Amino acid sequence: MKLFIDTANVEEIKEIASWGILEGVTTNPSLIAKEGRVFKEVIKEITEIVDGPISAEVISLKAAEMVVEAEDLVKIHENIVIKIPMTDEGLKAVKVLSSKGIKTNVTLVFSPSQALMAAKAGATYVSPFLGRLDDIGHTGVELVKEIVEIFDLYLIDTEVIAASIRHSMHVLETAKVGAHIATIPYGVFKQMLKHPLTDSGIDRFLKDWENAVK
Ligand code: E4P
């Protein structure tokens, strides 16, 4: 499973990239807005930090306009992936973009049938949102599992990005059901790193070392 970070904060991206485990970045309009910076400048800066797929989302709701936005965004860097919402217009845009060799990430996926249609349109990635499904009493991980099973059954090469991850168990559970990628918020990366037994183990080794013959 590949690990992406789900943020538009360059300091967070730099820190996790420095651990040597980061393979891509996803952003969305809410994450960009939170930074209070110019969209394309942030995306460009991210491409200079991470050498992997960087998702940047379009704002238009009409296919033709999405395509225009996408063609402009991909000029920033060859690693840009265009995030497209899961709508009929979105599917049309994905079809056009995939025929032009532009990579897409179909976002806001909440059902296996949506994922199947996105893949059929030529999406490079689909992003099922676990956390938001859990919030309304569904089981997000089940959605990821079903999508992976369907894609495997039909040898569909669209990759599944487990998105809207809220805690480290989401990462583990989606890894177990075969998600190709997890896009993880900064705080969850920190949770995944820490274990109290690791910390107390280091303390004990260092304390015992004080009494070692050197
Ligand atoms: C995915 O690409 C989205 O940016 C993200 O995972 C949404 O997560 P949220 O439900 O925490 O906003």
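Which residue in E8 is the bridge partner of Lys2? In this predicted model, the residue paired with Lys2 is Ile181 of E8. The pairing belongs to a set of four bridges that join strand E1, residues 2-6, to strand E8, residues 181-184. E1 and E8 run parallel.

E1 is also joined to strand E2, which spans residues 24-26. Three bridges link E1 and E2, and these two strands run parallel. Within this pairing, Phe4 stands opposite Gly24 in E2.

The pairings of E1 form part of a closed barrel of eight strands, in the order E1-E2-E3-E4-E5-E6-E7-E8, with parallel pairing. From one strand to the next, the twist averages 30°.

Helices H1 and H3 were examined as a pair. H3 comprises residues 39-49, and its axis comes within 10 Å of the axis of H1. The two axes cross at roughly 10°. An angle under 35 degrees counts as roughly parallel, and H1 and H3 are therefore roughly parallel to each other. On the H1 side, the contact involves Val10, Ile13, Lys14 and Ala17; these meet Val42, Glu45, Ile46 and Ile49 in H3. The residues of this contact comprise six nonpolar and two charged, with no polar residue.

A further helix, H9, is formed by residues 168-176. H9 lies across strands E7 (159-162) and E8, and runs at about 170° to E8.

The residues around the ligand are Asp6, Thr26, Asn28, Thr107, Ser127, Phe129, Gly131, Arg132, Ala163, Ser164 and Thr183. By class, this shell divides into seven polar, two nonpolar and two charged residues. Among the residues around the ligand, Asp6 falls within the 2-6 range of E1, Thr26 within the 24-26 range of E2, and Thr183 within the 181-184 range of E8.

Terms used: Residues are numbered from 1 along each chain as its sequence is written. This is a predicted model: local features need pLDDT of at least 70, side-chain atom pairs count only at pLDDT 80 or more; totals for chains, interfaces and linings use all residues. Two strands pair if DSSP finds at least two bridges between them. Axes are lines fitted to C-alpha atoms, for helices over the stretch in contact, and angles run from 0 to 180 degrees between N-to-C directions. Angles under 35 degrees count as roughly parallel, over 145 as roughly antiparallel, 65 to 115 as roughly perpendicular and the rest as oblique. Two residues are in contact if their C-beta atoms, placed from the backbone, lie within 7 Å. Ala, Val, Leu, Ile, Met, Phe, Trp, Tyr, Cys and Pro count as nonpolar, Asp, Glu, Lys and Arg as charged, and the others, Gly among them, as polar. A residue is near a molecule or strand if its C-beta atom, placed from the backbone, lies within 6 Å of it.
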